[in-house]
Amino acid sequence: MDVVTRFAPSPTGMLHIGGARTALFNYLFAKHHNGKFLLRIEDTDRERSTPEATAAILEGMDWLGLKADEPPLMQFERAARHAEVAYEMIERGTAFRCYATQEELQARRDLGEEKRQAAKAEGISDETKAALLAEAHELLAPYRSPWRDGAPPPAPDASFTVRLRAPDGGERVLEDGVQGTIRIQASELDDLILLRADGTPTYMLAVVVDDHDMDVTHIIRGDDHLRNAFRQIPIYEAMGWTVPLMAHVPMIHGQDGAKLSKRHGALSTLAYREMGYLPEAMRAYLLRIGWSHGDQEIFTDEEAIAAFDISGINRAPGRLDLDKLGQVNSHFMRLADDDRLFGLLKPYWEAEGAIIGDAEPRLRAALPHMKDRGNTLPELAQSFAFLLAKRPLAMNKNARKALSGEGLDRLRGLRDELLRTPQWTAEQISATITSYCTAQDLSMGQIGQPLRAALTGGLPAPDIAPVLEWLGRDEALGRIDDQLAPETAQGA
């Protein structure tokens, strides 16, 4: 079998993080089997579907790197094909024209609810109560049209819907790739509307026709569609089409086990981009929400494609854990190409008013050694603040304290030694500082504190020798000189 999967979002809003995981599962399953991954935009709901939502979905898919193997299919554009299938089903005797109006159907439901409420009244006999409940059950049961067996229309020009002739009786069984064997009674299924009275196709019909025409072999989707499976399979059967294998994936929940909502974190996939997560980290993290493969925690794309199978999907809902996502993102930032990472960090620096310019060499020099200093891009960008600080540096309280009295005198002596350092490398700088401390009978802390204060203004920074190297000889000595100047020293 040539495997074909699809992701079919409705463009009525953002690409939800749960939808992104569904897309990822479909993508990986297709690639694992050297098959095709397709994208379909289910825009049949014309009132709620918007071009902006479609664009957001496509942008989210592009950012995640989930590229479909063919251009996206727009469902609404295929309405004529959907109607064609409905009329073919009428010819086959598996669908029929139904002349019940919406008003009649609503009156039926209202009467059923009225009977059900009447059965709760006090003072009625058990016999009357049972009769009322039986009537209510019949009126509220899945609708079986009186025209399903060929009854004539009420009038020659009467409007009609086209309905599927639901299975008459017995048990319906679905062998689901995730949920296992699921059974319902055929009596739970209604005569499903395929074409509305205005001739437009319903979602249920459009989905089945599109999946068939796209040669979809495996449908991997959220378990909120599980009930739909039992309504859609009879359409395949009515046309004599092969039913794709289905796998219904549990939803993503929050850490507290409740249905995922905004209080658990961002729901939009693109929001995670804005929060500073890498797409490869999102793919690796989403993969592990509700799917497992041995004890491995983090997968590269190649490893995920090689390992992914439906059998690894859990029946229990996965849980969104932002702390874990941060750890995964930190892992992939450390692996990221330096040039790419610099380009991703630059907008964050500029947003804080930093002028990169002359600072770029020191930023690039530090980047390979600083990648582990944050879980997101903005956190990592912030850790470079000491390299972007403008002279003379603003000093926090601790820095001012370190640069008073003896600290400033020690710094003056070290400055002369640093000036004579033959090569401006962390190794040579470290040797110079060690030699100075030995000669002056100082501990590393006694010189390290004023030196770090002069170079960073008290901002967080890694080991001092690399900091000096990254700043470069001129900038580093210039920052020290700023603090040794009489007016600066007095201000400290």
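Hi everyone. Let me start with the second largest pocket: by class, its lining has 14 nonpolar, two polar and six charged residues. Nonpolar here is Ala, Val, Leu, Ile, Met, Phe, Trp, Tyr, Cys and Pro, charged is Asp, Glu, Lys and Arg, and the others, Gly among them, are polar. A pocket, on a 1 Å grid over the protein atoms alone, is an open set of points where a 1.4 Å probe fits, with protein on both sides within 12 Å along at least five of seven lines, and lining residues have an atom within 4 Å of a point.

A word on the source: this is a predicted model, where local features need pLDDT of at least 70 and side-chain atom pairs count only at pLDDT 80 or more, while totals for chains, interfaces and linings use all residues. Numbering runs from 1 along each chain as its sequence is written, and side-chain values use heavy atoms, leaving out hydrogens and water.

Back to that pocket. Of its 22 lining residues, Ala 354, Ile 355, Ala 385, Leu 388 and Ala 389 lie nearest the centre.

Now, what is the make-up by class of the lining of the largest pocket? This lining has 13 nonpolar, 11 polar and eight charged residues. There are 32 lining residues, and nearest the centre you'll find Ser 10, His 16, Gly 19, Asp 224 and His 225.

Finally, the whole protein. The C-alpha trace spans about 110 × 60 × 45 Å along its principal axes. Buried residues (under 20% relative accessible area, 1.4 Å probe, protein chains only) make up 49% of the 492 residues. Thanks, everyone!

Methods. Buried means under 20% relative accessible area, exposed over 50%, partly exposed in between (1.4 Å probe, protein chains only).
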